[in-house]
Amino acid sequence: MRQITHVTGTIDQPAWSPDGSTIGFLFVENATRSAGALAAMKPWSGVIGEDGVEVQTVDVVDVKDGKTSNLGRSLPNLHAYEFDWAPDSKQIAVVAAPLPGENNWWVAKLYVVKTEGSEAAGAVQTREILDPQKVSGSLHGLQIGVPKWSPDGTSIGLIGGLMSDQGVTGGDVYVIPANGGEPKDVTSGRMSSVANFNWDGDRRLELAEHVGGSSHLALLDLESGKDVARNEMEMTFPESIGSGGKTMSISMATKGKGEVAFIRSSFGQAPEVWAGPLGHLRQITHLNDRLKPVWGKAESIEWQNEGFRIQGWLLYPANYDPAKTYPLLVSVHGGPSSVVSPHWPGVSYGGVPFSALGYFVFMPNPRGSYGQGERFTQANRKDFGYGDLRDILAGMDVLEKRFPIDKSREGLTGWSYGGFMTMFGVTQTTRFRAAVAGAGISNWKSYYGENSIDQWMVPFFGATVYDDPAVYAKSSAIEEIHKVKTPTLVVVGDRDGECPAPQSFEFWHALRAQGVKTQLVVYPNEGHGFRDPEHRRDVLERALAWFETEMPESKR
């Protein structure tokens, strides 16, 4: 092995050109922090939004001589998020948006940049291929990601949909001519959310999609619009799959082999690599064979509400005894455009440890989630906290009828959008005995002017807060804060750019002023996703103690 780049900055998503002569990669020169919105923001100082802005570009390096060329000159004042090589190795499709990058992914466009082989300096032409804000049809005003050239180089496929976070991909697959034109939705009406895909020749797509809370692989014929009826090309996994790159990415063997490789994990199975023909996968690694869950089993739960078919996951308490009653913890996912899929738990905050300590843990996928098609994902537009909360409460009704749940010991928690749902939920019902809100949002009106990613809000609220403040007030917990009776623990990072700390301060201050038991914990140098292991551990310990204290077991 030999080093071929000599740069100062961060490198991400390296990808070989099809002819094998160059490698493209995303690059942030002289980076001082991650380019994404999840990382801790820099301390506020200097000219805000202009000083120290991280700019991510596409660079290419010649494998033979190590010459590195920056394509930024072809994409001036743009932040690149992802790219894909054309089959001729002379063009790159790039998803990019104006600076600052963490704020503008939601209005990103698709460009094609000519590289003329390995000589990036010869790139003299950049074409704007797609602007979702200007097209007509179902893609208008939505987000795009995962661009992929067709093998013949005439088309580019991508995923478009209502997405609340870069990298958490879900929607329909659109195909657009490589020279520009109207995008065609080739999965319209599909009751799923496609997260990734590969071209299988020029007329078929291999889809990796969320169906309910499971992962599904299928082969789509573009001419008929139907799945290819071959059992070996279709599988459903009640687990999470991926090859370690983009969401639900699948590693494909050399053309004609028909084999795949990816990592599989679930609530009951730690991550391992599986490979082979899709219908005959075999486990390749055994690195985690000794890891066994100390929490309870998982079960998929389905119910109906207001014309929607809803799905969620239930973790049983460890050492479950149906003759006993148990507390229930409702854990709401972030997003809102996201989904709970079974996966081996990591070190981030979540519901699994509560199952290990004797709780039922309910993880619903209410309207607004992936897994049931775009209509379902878009069903909470201008309605945050209302329809999705009713879906969750209806699911709780189902659980209470089927399982030995102590109704006097039900708690609510979540992070990010789940933190908002926790803050808002306790203003709508007194059903929950205790709550823990992580990185939440209490006031959408003030939030609009505080966060570093305000571009995401217009697709969901329909207008800016300055044009329609009423729709933002409608879903703000602070507007109905006087209704809260539930003791609530509030936790947040002091440099969170997605859900800034003032939102947690506002909620905590209001509860304290009204005499509702509450506590606010702010973690130093943390962004939206905590990095310090001590802080991760502390959040979990505090949450466990909060629910144990506020939802004590009856002494009867």
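Student: Does Q13 count as buried, partly exposed or exposed, and what is its relative accessibility?

Tutor: This is a predicted model. In it, Q13 has 26% relative accessibility and therefore counts as partly exposed, since the class called buried lies under 20% and the class called exposed lies over 50%. Q13 belongs to strand 1, which covers residues 9-16.

Student: What is the phi of Q13?

Tutor: The general idea comes first. Most residues other than glycine have a negative phi, and most peptide bonds are trans. Q13 is not a glycine, yet its phi is positive, at about 50°. V146 lies in strand 9, and with a relative accessible area of 2% it is buried.

Student: Which peptide bonds are cis?

Tutor: One of them runs from L99 to P100, with omega near -5°. P100 sits in the loop that links strand 6 (91-98) to helix 1 (101-104). Another runs from G335 to P336, with omega near 15°. P336 is in the loop between strand 25 (326-332) and helix 2 (352-356).

Student: How should I read a sheet, and what is the order of the strands in the open sheet of four strands?

Tutor: Strands of a sheet pair through backbone hydrogen bonds, either parallel or antiparallel. Here the open sheet of four strands has the order 9-10-11-12, and the pairing is antiparallel. Its edges are strand 9 (143-149) and strand 12, each of which pairs on one side only. Strand 11 (residues 172-177) is joined to strand 12 by two bridges, in the antiparallel sense. Within strand 12, D185 is the bridge partner of Y174.

Student: Where is T187 found, and is it buried or exposed?

Tutor: T187 is in the loop between strand 12 (184-185) and strand 13 (193-199). T187 counts as buried because its relative accessibility is 3%, and the limit for that class is under 20%. Leaving aside residues up to four places away in sequence, T187 touches D172, V173, L207 and L220.

Student: Which strands pair with strand 20?

Tutor: Strand 18 (residues 240-242) pairs with strand 20 (residues 259-265) in the antiparallel sense over three bridges. In that pairing, I241 has R264 as its bridge partner. Strand 19 (residues 251-252) is also antiparallel to strand 20, with two bridges, and M252 stands opposite V260. Strand 21 (residues 272-277) runs antiparallel to strand 20 as well, and six bridges join them. I263 stands opposite V273 there. Strand 20 and strand 21 form a hairpin, with six residues between them.

Student: What is the idea behind a nonpolar core, and how many residues has the largest one?

Tutor: In soluble globular proteins, nonpolar side chains tend to be buried together. In this model the largest nonpolar core has 123 residues, and those with the most contacts inside it are L110, V330, W444 and W456. A second, separate core has 14 residues, including V60, L78, F83 and V94.

Student: What is the volume of the second largest pocket, and which residues lie nearest its centre?

Tutor: The second largest pocket has a volume of about 480 Å³. Of the 20 residues that line it, M41, W44, I48, G49 and E102 lie nearest its centre. Its lining comprises seven nonpolar, six polar and seven charged residues.

Key:
Residues numbered from 1 in each chain as written. Predicted model: local features only at pLDDT ≥ 70, side-chain atom pairs only at ≥ 80, totals over all residues. Heavy atoms only, no water. Core = buried A, V, L, I, M, F, W, Y, C linked by side-chain atoms within 4.5 Å. Buried < 20%, exposed > 50% of the residue type's maximum accessible area, 1.4 Å probe, protein only. Contact = heavy atoms within 4.5 Å. Pairing = 2+ DSSP bridges. 1 Å grid on protein atoms, 1.4 Å probe; cavity = no way out; pocket = protein on both sides within 12 Å on 5 of 7 lines; lining within 4 Å. Points joined across faces, edges and corners; volume = space filled by probe spheres on them. Nonpolar A, V, L, I, M, F, W, Y, C, P; charged D, E, K, R; others polar.
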